[in-house]
Amino acid sequence: MRLRGVKKAFNPGTPLETEVLHGIDLTLRRGDFCAVMGPSGSGKSTLLNLIGLLDRPSAGTLEVCGEETTALDDRALTRLRGHNIGFVFQYHHLLTAFTAVENVMIPKLGARGFPSAQMRQEAQALIESVGLKPWGNNLAGNLSGGQQQRVAIARALAMNPALVLADEPTGNLDTKSADAVFDLLRDFNRRQGTTVLFVTHNPALAARCDKTIEVVDGRITG
Amino acid sequence: MGTAWLPLEWIVSLRFLREGRLQTVFIITGVAIGVGVIVFMSALLSGMQANFIRRVLSTQSHIQLLQPQQVTRPLRSAGRSGTGPVEGAIVQPPLQQNKSIDQWQAVVQQVRAMAGVRVVSPVANGPLLVVRGSSTKAVNITGIEPESYYRIVNLDEKLLRGVSRLAASDVMIGSELAADLGVDVGDKLHVTSAAGRSSVLTISGVFDLGNRGSNRRDTFTTLHTAQSLLDMPGGVSTLEVTVQDIYAAETIAQQIAVLTGVEADSWIKNSAQFFAAVSAQTTANTAIRFFVGLSVAFGIASVLVVSVVQKSREIGILRAMGISQGQILRVFLLQGGLLGLGGAVAGCGVGALAIFLWKRLALNADGTVMFPLEMEAPLFVSALVLAGLTGLVAAFAPALRAARMDPVVAIRG
């Protein structure tokens, strides 16, 4: 993943135009486990949204899995995102009408259109790997915060993505749960070579990552 | 997933509807009431119209071929082409005589051979005086061939007393005339025509045509007896025709007129006011159906607009998971279609129940059904299809909004 001079402005061309990222240069290689730190409002989430192809940069170039993305249409972006990028949000964002296993099936279901027995088996295996086998058929809304975040990690890994973007996944968890979630991501990173970009305010967790970048006022400072 | 054989869009739609089950139940109930009203009103209207038409046509034919009208032509001065100036300024209409349709047997053959024609029956009718003691009544005598005429007006069904079989000296009279004259089956009536011919006829039956005027005025005898009394030997005054499609009567009447050269009037032309009333009823019903359908559509649309707002975070998550805009669009379109269809299924049940209750509760004083309502399959099928389509159309704007939602904004909620 490579960013070159990436800028992001909201309300461009209007009196309310606000530039929140001012020329970001960043390269991540396969298997990197990188922490992103910085104060609230510094542009961390915006940076993750751009890298996750949920938003488009105002300027600069963005390569994901070797593909230049700035000129791609929504369909191509959706496809690239679905197949190569997994998300873990701060508030887990599970679909509460679905069970834990079904939540994990969603990315593959979106890509293939129809569910299958194999899809379910793979989702169950992922749920088992995050230690939630007994809760696999529980509705996501009935799980605890730590359990929900683990389901979110399993869902992020469902497509075996090259890149996982985790936006403060431990922000709302107690220390024990936060450690467990971090360990899970680290484990997948080591076993499968998944690149992980991990936003956190926790210096102890950041210290356990391969490298750390700091975003301040829309710029990478370290 | 419990719905393992369904595609993603169906699974997500059904889960969203189930999750917001209170909303779903309310809107389905709303749609059901709307569809129920449409189904019941349509059945009521078609039943009522069918009943009116049945009543109107049970005592008359669909087409009447009429005897020629006598006209007076103004005198013109002789000219080479015979089109000189008119010589008489005032042209007095002539007295209409009881004249027969020319070559009526040939006309009957021609009309019987036409497509869509069911029955052709010759009739001789005209005025008579009935004398009973010191009482005299003016009546209309209709001479018929029972075999064919009873297929047009089933006098058997309308008979109160006696038999419908007619011998040469028999006559059937209406119940009002029988009461006025104080006569009944088996009594004799002395009849006299304007031509001075008279005869004594035996009352073979007393009927009720469902109309007091007709029961006082109309009498039936054999064609030969009427021809003799009306001084029309071998002639007929009208040919009565019934057709397979009653609404095609005017078209067939025009074809008959062109083919035979005999004036032909259809029941549609003769009952223009009745037809205007039926048409007005149909227009009113269509307007009501349209506005009920519109309220159903807006109901579905408003629920889905709210649902899109409520589900914006889920939409964002789905988009982040690689679900395309097209798939999101279809998820909400499907919800609209399912709400419409689900409401329509329940509405058909409501409509069927209302029809059933009507049959049980809307009765005449004698306990018979006021008029029959039929549960016709096409009505229910069209209600299902239309409600489903209405749901889809109503869902389009909210679905488009959901599909175009910025995933970042959506996830932020």
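The domain bounds used here come from an automatic or database domain assignment. On that basis, the centres of domain 1 of chain B and domain 2 of chain B are 55 Å apart, taken over C-alpha atoms. What you're looking at is a predicted model, with a chain A of 222 residues and a chain B of 413 residues. Here's a quick tour, topic by topic.

**Chain B: overall layout**

- Chain B splits into domain 1, made of 8-56 + 275-412, and domain 2, which covers 97-236.
- If you count up its secondary structure, you get 15 helices and 10 strands.
- Chain B has a radius of gyration of 33 Å, well over the 22 Å that the globule rule gives for its 413 residues, so it is more spread out than a compact globule.
- Of the 413 residues in chain B, 37% are buried.
- Take the contacts in chain B between residues at least 6 apart in sequence: 78% of them join residues at least 24 apart.

**Chain A: overall layout**

- Chain A comes with 7 helices and 10 strands.
- Its radius of gyration is 17 Å, close to the 17 Å that the globule rule gives for 222 residues, so chain A is as compact as a globular protein of that length.
- The C-alpha trace of chain A spans about 50 × 40 × 35 Å along its principal axes.
- In chain A, buried residues account for 49% of the 222.
- For chain A contacts between residues at least 6 apart in sequence, 70% join residues at least 24 apart.

**Where the two chains meet**

- The contact draws on 25 residues from chain A and 21 residues from chain B.
- On chain B's side, the elements giving two or more residues are helix H1 (8-19), helix H12 (312-320), helix H13 (325-361) and helix H15 (407-412).
- H1(B) gives the most to that side, with 5 residues.
- Sorted by class, the side of chain B that touches chain A has 12 nonpolar, 5 charged and 4 polar residues.

**The nonpolar cores**

- In soluble globular proteins, nonpolar side chains tend to be buried together.
- Here the largest nonpolar core has 118 residues, and the ones with the most contacts inside it are Val104(A), Ile153(A), Leu185(A), Phe198(A), Val31(B) and Ile300(B).
- H13(B) supplies the largest share of this core, 11 residues.
- Apart from that core lies another, of 47 residues, including Leu181(B), Ile203(B), Val206(B) and Leu223(B).
- Back in chain A, and leaving out residues up to four places away in sequence, Val104(A) touches Ala123(A), Leu126(A), Ile127(A), Val151(A), Ala154(A), Arg155(A) and Ala158(A).

**A helix worth a look: H3 of chain B**

- Helix H3 of chain B runs over residues 104-112, and its Trp104(B), Val107(B), Val108(B) and Val111(B) are buried.
- Looking down the axis of H3(B), you'd see the buried residues fall within an arc of 105°, so they line one face of the helix.
- Over on the other side of H3(B), Gln105(B), Ala106(B) and Gln109(B) are exposed.
- As for what covers the buried residues of H3(B), the list includes strand S1 (63-66), strand S2 (117-132), strand S9 (238-243) and helix H9 (249-260), which belong to chain B.

Terms used. Residues are numbered from 1 along each chain as its sequence is written. Chains are lettered from A and ligands numbered from 1 in the order in which they are written. This is a predicted model: local features need pLDDT of at least 70, side-chain atom pairs count only at pLDDT 80 or more; totals for chains, interfaces and linings use all residues. Two residues are in contact if their C-beta atoms, placed from the backbone, lie within 7 Å. Helices (H or I, at least four residues) and strands (E, at least two) are DSSP runs, numbered from the N terminus. Ala, Val, Leu, Ile, Met, Phe, Trp, Tyr, Cys and Pro count as nonpolar, Asp, Glu, Lys and Arg as charged, and the others, Gly among them, as polar. A nonpolar core is a set of buried Ala, Val, Leu, Ile, Met, Phe, Trp, Tyr and Cys residues joined through C-beta atoms within 7 Å. A residue is buried if 20 or more other C-beta atoms lie within 10 Å of its own, exposed if 12 or fewer, and partly exposed in between; C-beta atoms are placed from the backbone. The radius of gyration is taken over C-alpha atoms; the globule rule is 2.2 Å times the number of residues to the power 0.38. The arc is that of the directions from the helix axis to the C-beta atoms.
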